Amino acid sequence: VLALQDVLAAFPDESMAVKIEAPSFASVAALLQAADATGSRARLLAIVDEQQLANTLRSQAPDLATAATSAEAGAFLAMQRLHMTPFYRPAAPGLILAGAAVSDPLVDAARSRGMHVLAVDSSPAGEALGRWRGADVDGVVVSGLEAISGLSASD
């Protein structure tokens, strides 16, 4: 098993989404340590679904892009259904949604608020990437392989 720091060092030109599976302050600290050791903050998207940890990470590392938590994504989806996205203030530049929830109007609404959209697809990697090729999403997250392009903390 490779450590995150090893993966970041092995692929210095690739943007990556990193999901913290066991949310804790120690996990967030380890993510920041690996990112800082490899100078990778600008090419990472941190996925932390525990609201307090996500808020802490955003305040401690404002230059590290984060994905919306489930609660934040739910709020965006509700606002989009009510056609109120002009009033939505995103907490994060990344919005990760199940592929079935992604539509052109949703992507347009997210982009109008400065968010990038990644579609999650549980199909085998080749099939999933083939399905999303040419779609208007910014990236696709597939089983065990996180592919992201064009997302940075400054976006």
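These are my notebook entries on a predicted model of a protein.

**Overall layout.** I started with the secondary structure and found six helices and seven strands. Reading from the N terminus, I get the order α-β-α-β-α-β-α-β-α-β-α-β-β. The protein has 155 residues, and 43% of them count as buried. I also looked up contacts between residues at least 6 apart in sequence: 49% of these join residues at least 24 apart. The accessible surface comes to about 8100 Å², with 56% of that belonging to carbon and sulfur atoms.

**Cores.** Next I went inside. The largest nonpolar core holds 21 residues, and Phe-76, Leu-95, Leu-97, Val-102, Val-117 and Val-137 have the most contacts within it. The elements giving two or more residues to this core are H4, S4, helix H5 (104–112), strand S5 (116–121), helix H6 (125–132) and strand S6 (139–142). I then found a second, separate core of 17 residues, with Met-16, Leu-44, Ala-46 and Ala-61 among them.

**Val-137.** Which residues does Val-137 touch, leaving aside neighbours within four places in sequence? I listed Val-102, Val-107, Arg-111, Val-117, Ala-119 and Trp-132.

**Surface patch.** Leu-82, Met-84 and Phe-87 make a nonpolar surface patch of about 340 Å². Where is Met-84 placed? I found Met-84 in the loop between helix H4 (70–81) and strand S4 (94–98). I noted Met-84 as partly exposed because its relative accessibility is 33%, which falls between the 20% cut-off for buried and the 50% cut-off for exposed.

Key: Residues numbered from 1 in each chain as written. Predicted model: local features only at pLDDT ≥ 70, side-chain atom pairs only at ≥ 80, totals over all residues. Heavy atoms only, no water. Patch = residues over 30% accessible without salt bridge, like charges linked within 9 Å, V, L, I, M, F, W, Y side chains within 5 Å. Areas by Shrake-Rupley, 256 points an atom, 1.4 Å probe, with all protein chains shown as cover. Salt bridge = Lys/Arg side-chain N within 4 Å of Asp/Glu carboxyl O. Helix = DSSP H or I, 4+ residues; strand = E, 2+ residues; numbered from the N terminus. Buried < 20%, exposed > 50% of the residue type's maximum accessible area, 1.4 Å probe, protein only. Contact = heavy atoms within 4.5 Å. Core = buried A, V, L, I, M, F, W, Y, C linked by side-chain atoms within 4.5 Å.
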